[in-house]
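I opened the notebook to look at core packing and helix contacts. My entries follow in the order I made them.

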Amino acid sequence: MNAPRSIAAPVTGAVGRFFSGVGLLLRGLGLYVRSPGLMLLGIVPALISGAVFLAAFAALVYFVDDLAALVTPFADDWSTTVRSLVRVIAGLAFLGLGGLLAVVSFTAVTLVIGDPFYEKISERVEEGLGGTPGAVEVPFWASLRRSVADSLRLVGLSVLFGVPLFAAGFIPLVGQTVVPVIGAAVGGWLLAVELAGAPFSRRGLRLPDRRSILKADRPTTLGFGVAVFLCFLIPLGAVLVMPAAVAGATLLTRRSLGQPVEER
C-alpha cells in the first residue's frame with residue numbers, strides 16, 4: 001500500500017519544529033490527568049520489562065571496570081594515571097552503548113508485552129481527535145508478528161549505529177561531549193519510529209512508510225524522540241513516561257500525515 005503524502009512541515013524553522021515535537025510528549029503526559037486509569041494500566045507492562053532491563057544495566061555497571069580492562073590490554077604497562085584515564089573512557093563508552101541499546105530494546109520489548117494496553121491508549125487519543133482516517137482491520141496475531149519483526153529490525157539498527165558510537169567514545173573530549181549528543185539523536189529517532197508503530201499499522205502502513213513519512217519533518221520527529229530518550233534515561237522515567245510516549249507518538253503520526261491534532 002502506498003503511503004499517503006504527508007503535509008508540508010510548518011514554516012517555523014527547524015528549532016521551532018524540534019520544540020513542537022517536545023510539546024507532543026508533554027501533551028501525551030496530559031493524558032494522565034484526563035485518563036488516569038488507562039495511563040496507569042499502561043505502566044504495568046513497562047514495570048515488567050523495566051525490572052529486567054534495570055537488572056541488566058546494573059550488572060553492566062557492576063562489571064564495567066572488568067570490561068574496560070578487557071578491551072584495553074594495551075594499557076597494562078602504561079603509567080597508573082594514563083591507564084586509569086583510558087579505562088575510565090572505555091567504561092563510559094560501555095555505559096553509553098549499554099544505555100542506547102537498553103532504551104531502544106526496552107521500548108521494543110515493552111510495546112510487544114503491552115500491545116493491547118498501548119493500542120487502547122493510541123485509539124483513545126485518535127477518538128478524541130475525530131477517529132482514524134483510512135483505518136484498516138488488523139488481526140491481533142498479524143499485528144503482534146509485525147510488531148515483533150519491526151522491533152527486531154529497529155534494535156538491529158541501534159546496534160549498527162551503537163558500535164561506531166562506542167568506538168568513538170574512546171576519543172578524548174569528543175567521546176564525552178559530541179558522541180552523547182549524536183547518541184541521543186540516533187536513539188531519539190529510533191524511539192520515535194518505534195513508538196509510532198501502532199497508529200501507522202492502524203492505517204495499513206508498514207515500517208518503510210513510517211520512516212519515509214516521519215523523515216519529511218525530521219526536526220519534529222527528533223524533538224519528540226529525543227525528549228522521550230532523555231526521559232527514559234531518568235531512573236523510573238521509562239516506566240512512568242511510556243504510556244505518555246505512546247500517546248505522543250499517536251499525535252506525531254497524525255501531524256505527519258496532515259490529520260487534525262487538536263481536540264474537537
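I looked up valine 228 first. Leaving out residues up to four places away in sequence, valine 228 touches Leu25, Leu191, Leu195 and Ala245. Contact here means heavy atoms within 4.5 Å.

I noted the ground rules. This is a predicted model, where local features need pLDDT of at least 70, side-chain atom pairs count only at pLDDT 80 or more, and totals for chains, interfaces and linings use all residues. Residues are numbered from 1 along each chain as its sequence is written, and side-chain values use heavy atoms, with hydrogens and water left out.

Next, the cores. A nonpolar core is a set of buried Ala, Val, Leu, Ile, Met, Phe, Trp, Tyr and Cys residues joined through side-chain atoms within 4.5 Å. Buried means under 20% relative accessible area, exposed over 50%, partly exposed in between (1.4 Å probe, protein chains only). The largest nonpolar core has 51 residues, and Leu195, Phe224, Val228, Phe232 and Met242 touch the most other members. Helix H12 (residues 237–256) gives the most to this core, eleven residues. Helices (H or I, at least four residues) are DSSP runs, numbered from the N terminus. I also found a second, separate core of five residues, including Val64, Ala93, Leu97 and Phe166.

Then I turned to H8 and H11. Helix H8 (residues 174–195) packs on helix H11 (residues 218–233) at about 100°, with axes 7 Å apart. Axes are lines fitted to C-alpha atoms, for helices over the stretch in contact, and angles run from 0 to 180 degrees between N-to-C directions. H8 is therefore roughly perpendicular to H11 (65 to 115 degrees). H8 contributes Gly183, Gly187, Gly188 and Leu191, among others, and H11 contributes residues including Phe224, Gly225 and Val228. I logged twelve nonpolar, five polar and one charged residue in this contact. Ala, Val, Leu, Ile, Met, Phe, Trp, Tyr, Cys and Pro count as nonpolar, Asp, Glu, Lys and Arg as charged, and the others, Gly among them, as polar.

Helix H5 (residues 80–113) and H12 pack at about 65°, with axes 12 Å apart. That makes H5 roughly perpendicular to H12. Phe106, Thr107, Thr110 and Leu111 of H5 meet Ala238, Val239, Met242 and Val246 of H12. This contact of H5 with H12 holds six nonpolar, two polar and no charged residues.

Last, proline 219. Proline 219 lies in helix H11. Proline 219 counts as buried, at 17% relative accessibility. Neighbours within four places in sequence aside, proline 219 contacts Ala14, Arg17 and Phe18.

Note on methods. Helix = DSSP H or I, 4+ residues; strand = E, 2+ residues; numbered from the N terminus. Parallel < 35°, antiparallel > 145°, perpendicular 65-115°, else oblique.
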